[in-house]
Amino acid sequence: MARRLAPQVPYLFGCDVADPISAIEEMDFVHADTRHAVIGKLVRRLRIDTVVHLAVTVDSAREDRADHETNVIGTMNVLIGCAGASSPVERLVVKSSQAVYGAGPGDPSFFSEDMAGTERQGSFVTRDLLEMEQLVNEFAIRDPTCQVTVLRLGFRVTDGTTLARYLSLPIVPTFAGFDPRLQLLHEEDAVEAIVRSAMGVHPGAYNVAAGGVVLLSQAITIMGGRAVPILPHNGQWLARLGLRAVTGVDLPGHLAGVLAYGSVLDCSKLSAEFGWKPAYTTRSVMDALARGKTEEHVEAPSPPQEYELQVYLQRRRREERDGHRLARS
Amino acid sequence: MKSRGPNLTAPSRSAEPTGIYTAAPRERRRRSRKAEIIAPPPSTGFRLPKPVRRLQRNAPVYAMQGLAELSSRLRQLTGREIIDLNRVMGFVQFAYQQRELARRGANYTVDDFGFDPQWTESFLSVFRILYRDYWRVETTGIENVPATGRALLVSNHGGVLPWDGTMIKTAVFVEHPSPRHVRALVASLFMGMPVLSWFLRRTGQTVGHPDDTRRLLERDELVLVFPEGVKGTGKPFKDRYRLRRFGRGGFVATAIRAGAPIIPVSVVGSEEIYPMITDLAPLAKMFGLPYFPVTPFWPWLGPFGVIPLPSKWRIQFHSPIHVEVHPPKAADDQNLVMALADQVRDTIQQGVYDNLKLRRGIFV
């Protein structure tokens with residue numbers, strides 16, 4: 001994400017509690033968490049005009065305070081840090097998720113941006129995200145000089161998310177009698193959407209997800225697994241418990257709803273306002289995941305250089321092999 | 001012996017003669033790599049002897065030949081058509097189509113609503129048998145259904161299970177000069193039920209939500225709606241062919257906004273397939289169903305009670321009511337919307353009475 005932004009902006013500043021995965025020369029980095037004093041000081045000292053807030057945890061199965069702290073209180077602190085007359089912030093991008101809509105049998109086939117917050121007992125992630133978006137909305141109303149973009153990103157299956165691990169199981173327990181539509185988003189498209197909203201002026205909430213859908217059974221077939229419809233749909237916590245005990249995949253509550261009833265976004269607002277739509281379709285995201293499964297895994301990435309070297313060598317080997325095959329055929 | 005799997009080396013030699021043949025044989029052997037086997041290796045397990053396998057492969061052909069022989073003999077003996085080969089062929093076709101569909105693996109696409117046309121058409125060969133031979137449906141006014149473009153079909157709803165929707169879908173697909181798939185709207189309740197939830201979606205149905213209706217109409221689809229909803233299917237036998245309240249006219253407002261004509265449809269015969277004596281509401285509540293019907297056969301005969309009675313059906317498509325002449329803003333005019341909804345309801349009710357008169361008896 002930062003790698004994409006770096007050439008386009010004069011000055012880039014990152015902050016996180018953990019180490020960055022890869023170092024970028026153009027980016028300054030500090031270890032900081034989302035305390036409003038820290039954010040406020042950073043923003044005012046460095047005259048930061050665009051804040052991209054991505055510290056929102058969605059893919060989490062544990063129902064504990066920590067995620068609430070990160071999602072709701074953390075966002076609140078970022079907003080407070082950016083608020084006020086002395087604030088130089090002109091643009092704020094907040095990451096949200098498709099999970100904000102939840103998923104139920106009575107829902108329409110497509111969620112457009114105004115359908116969040118229907119009166120329903122959602123999972124705790126859904127509730128947290130709704131609360132977070134409400135805070136962001138209040139901020140946008142209070143501070144009209146600041147353009148606020150909320151990106152509701154679709155579910156991603158890269159980097160070992162829960163959904164990816166679930167779909168990669170050799171035997172996949174599914175909800176008995178349900179075969180929902182799945183809609184996904186490729187990581188590259190997610191990054192592209194964030195970069196575009198940080199560089200352009202697009203206030204409001206946007207759905208970001210790949211075009212088209214695949215059925216769950218189709219996705220499992222693409223991954224080479226076998227669907228076993230055994231989970232009960234009207235005892236979702238029991239299904240999640242069983243899934244965790246048998247396969248070790250800890251399914252978040254909102255994903256259980258998605259895997260039973262499906263959740264599909266309407267991204268027409270995104271393509272109309274951004275003039276851009278995700279490059280990958282849901283089908284090609286699934287195909288990419290299936291291809292990635294067959295690739296060899298690089299172990300022990302202890303020093304980053306070593307890791308990058310290994311990845312590079314692996315890519316070279318693969319290209320060589322593919323090139324060889326191309327020449328032969 | 002014929003080699004299994006594609007021969008990888010042959011095309012490469014003809015395509016690239018220089019790269020390989022310039023090198024010395026030893027060098028060539030050193031540089032060459034083993035061909036990757038793409039086809040799965042032949043299974044080494046137990047295999048039946050060859051004549052038995054041939055018999056196995058040809059068994060369906062022999063069965064059909066025998067059946068044809070038997071049917072012609074019976075026709076000669078009795079002078080009547082005892083075994084209708086066309087009907088049998090419908091089932092055979094269904095079985096073969098299912099095998100073909102299984103062979104697709106994951107190589108198929110569904111539209112954004114989850115509709116799989118190829119899969120649906122395989123079921124239509126079975127529904128066609130029900131349509132022609134079981135309920136002997138007589139369809140009139142099919143020319144009122146447009147060959148292209150959007151339209152909203154509005155129908156009366158009856159019978160305990162929504163077979164009327166299936167038959168309207170089959171009628172448009174079988175009778176129409178340019179076969180079209182009708183996309184029906186179902187109660188969200190069914191989307192929460194196992195099996196039905198994916199079966200309905202995969203055959204083109206979607207949730208009865210105004211937003212879904214609008215989206216389907218904007219894609220120029222034929223949309224079928226039952227404004228009576230479960231109040232129509234769950235009415236007792238003594239109230240048959242008396243239309244219930246037509247919702248709150250929401251379907252008219254959606255049609256005006258989408259600029260789609262409304263085609264009223266009257267269905268006769270659907271009410272007699274399961275004569276519902278009473279409704280056990282507490283049981284229905286327990287199972288989460290809208291009603292728990294009791295018919296002369298259900299639940300006394302168990303699964304046999306689900307077999308519908310072979311009543312005689314008539315379906316009439318009325319001439320379209322052009323609500324698209326009103327501007328989209330007119331959808332907010334409650335007075336106009338309710339007047340149009342009443343007009344649609346009266347047309348359907350009148351059509352039901354007319355077709356009941358045209359029908360000689362319930363089963364003939």
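Two residues count as in contact here if their C-beta atoms, placed from the backbone, lie within 7 Å. With that in hand, take B:L153: leaving aside its neighbours within four places in sequence, B:L153 is in contact with B:I168, B:V182, B:L222, B:V223, B:L224, B:I263 and B:V265. Keep in mind that this is a predicted model. Here's a quick tour, starting with the core.

**The nonpolar core**
- The largest nonpolar core has 138 residues, and the ones that touch the most other members are A:V208, B:L152, B:L153 and B:I168.
- Helix α4 of chain A, residues 124-142, supplies the largest share of this core, at seven residues.
- As a bit of background, nonpolar side chains tend to be buried together in soluble globular proteins.

**Where chains A and B meet**
- Chain A puts 21 residues into the contact, and chain B puts in 20 residues.
- On the side of chain A that touches chain B, the largest share is three residues, and these come from helix α7 (residues 216-222) of chain A.
- Sorted by class, that side of chain A has ten nonpolar, eight polar and three charged residues.

**A four-stranded sheet in chain A**
- Chain A has an open sheet of four strands, in the order β3-β4-β5-β8, and the pairing is parallel.
- β3 (50-53) and β8 (204-208) of chain A stand at the edges with a single partner strand each, so one side of each has no neighbour in the sheet.
- On average, and ignoring direction, neighbouring strands of this sheet are turned by 20 degrees against each other.
- Helix α6 of chain A (residues 187-199) packs on the sheet, where it touches β3, β4, β5 (147-153) and β8 of chain A.
- The direction of helix α6 makes about 170 degrees with that of β5(A).
- β3(A) and strand β4 of chain A (residues 91-97) run parallel and are joined by four bridges.

**Two domains in chain B**
- Seven residues from domain 1 of chain B and eight residues from domain 2 of chain B make up the contact.
- On the side of domain 1 of chain B that touches domain 2 of chain B, two residues are nonpolar, four are polar and one is charged.

Terms used:
Residues are numbered from 1 along each chain as its sequence is written. Chains are lettered from A and ligands numbered from 1 in the order in which they are written. This is a predicted model: local features need pLDDT of at least 70, side-chain atom pairs count only at pLDDT 80 or more; totals for chains, interfaces and linings use all residues. A nonpolar core is a set of buried Ala, Val, Leu, Ile, Met, Phe, Trp, Tyr and Cys residues joined through C-beta atoms within 7 Å. A residue is buried if 20 or more other C-beta atoms lie within 10 Å of its own, exposed if 12 or fewer, and partly exposed in between; C-beta atoms are placed from the backbone. Helices (H or I, at least four residues) and strands (E, at least two) are DSSP runs, numbered from the N terminus. Ala, Val, Leu, Ile, Met, Phe, Trp, Tyr, Cys and Pro count as nonpolar, Asp, Glu, Lys and Arg as charged, and the others, Gly among them, as polar. Two strands pair if DSSP finds at least two bridges between them. Axes are lines fitted to C-alpha atoms, for helices over the stretch in contact, and angles run from 0 to 180 degrees between N-to-C directions.
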